[in-house]
Amino acid sequence: MIGVLISLAIIFTELSLLAFGGGMTILPEMQRQVVEVHQWMSAQEFSALFAMAQAAPGPNMMIVPLIGWHVAGWAGLLVSSVAKFGPSSIVTLLVMGAWRRFKDKPWRRIVQTGLVPVTVGLVAASGVLIAEASAPSWPLAAIIALATLLSMNKRIHPLWVLAGGALLGLLAA
């Protein structure tokens, strides 16, 4: 059990420091670590935990405590949460002072502009990863594609898209 907790701490500390551009950017690596490397759960279980975390109120990285709990109970929940949220919070506090100090420097705008496509790409990779794990059949993949297109191109409340996707998923199953 101690070995599992140490592994959780190492994985989520690394992910905490890599989560540049938001928590969703580390989702592919998180899935790789817990599904492929450590085999603590299947891709479908990971996808289900992600869906549960997104449905719950709170930060979008609520999947982290759920993974910790799934892997090692309450101790895993605590270790994974502190490891994921602690280091990045400390770094953010330290860096924000310097970032504010250089707010009028031209290099700051260049850095921000350059990081936008990186962040978009990482978030898109996260979406593809969750979609692949959630769609074991072509009808479900089509529903995911339709929901994505509707969300991106129409001003429809996400709950309506979610409800429609759920209904179509039930009909397709």
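Author: A definition to begin with: a residue is buried under 20% relative accessible area, exposed over 50% and partly exposed in between, using a 1.4 Å probe and protein chains only. The model is a predicted one, in which local features need pLDDT of at least 70 and side-chain atom pairs count only at pLDDT 80 or more, while totals for chains, interfaces and linings use all residues. Residues are numbered from 1 along each chain as its sequence is written, and side-chain values use heavy atoms, with hydrogens and water left out.

Reader: Is Thr 25 buried or exposed?
Author: Thr 25 counts as buried, because its relative accessibility is 6%. Thr 25 sits in the loop between α1 and α2 (27-37); helices here are DSSP runs of H or I with at least four residues, strands are E runs of at least two, and both are numbered from the N terminus.

Reader: What is Thr 25 in contact with, leaving aside neighbours within four places in sequence?
Author: Its partners, with contact meaning heavy atoms within 4.5 Å, include Leu 18, Phe 20, Thr 119 and Ser 126.

Reader: Which elements have the lowest and the highest mean pLDDT?
Author: Helix α5 (residues 106-134) has the lowest, at 81, and helix α1 (residues 2-18) the highest, at 94. pLDDT is the predictor's confidence in each residue, from 0 to 100. The protein averages 87, and 99% of the residues score at least 70.

Reader: Changing topic, how many aromatic pairs does a search of the whole structure find?
Author: The search finds two. Rings of Phe, Tyr and Trp (its six-membered ring) pair if their centres lie within 6.5 Å; planes under 30 degrees apart count as stacked, over 60 as edge-to-face and the rest as tilted. Trp 99 and Trp 107 are edge-to-face, at 6.0 Å centre to centre with 75° between the planes.

Reader: And why is the pair of Phe 102 and Trp 107 tilted?
Author: That pair is tilted because its planes are at 55°, with the ring centres 5.6 Å apart. Trp 99, Phe 102 and Trp 107 form one aromatic cluster. Trp 107 is partly exposed at 40% relative accessible area, and Phe 102 is also partly exposed, at 30%.

Reader: Which residues does UniProt list for "transmembrane region"?
Author: The unreviewed UniProt entry lists 6-27, 74-98 and 110-130; such annotations may be inferred rather than shown by experiment. In the model, residues 74-98 are 100% helix, with end C-alpha atoms 37 Å apart. Residues 110-130 are likewise 100% helix, and their end C-alpha atoms lie 31 Å apart.
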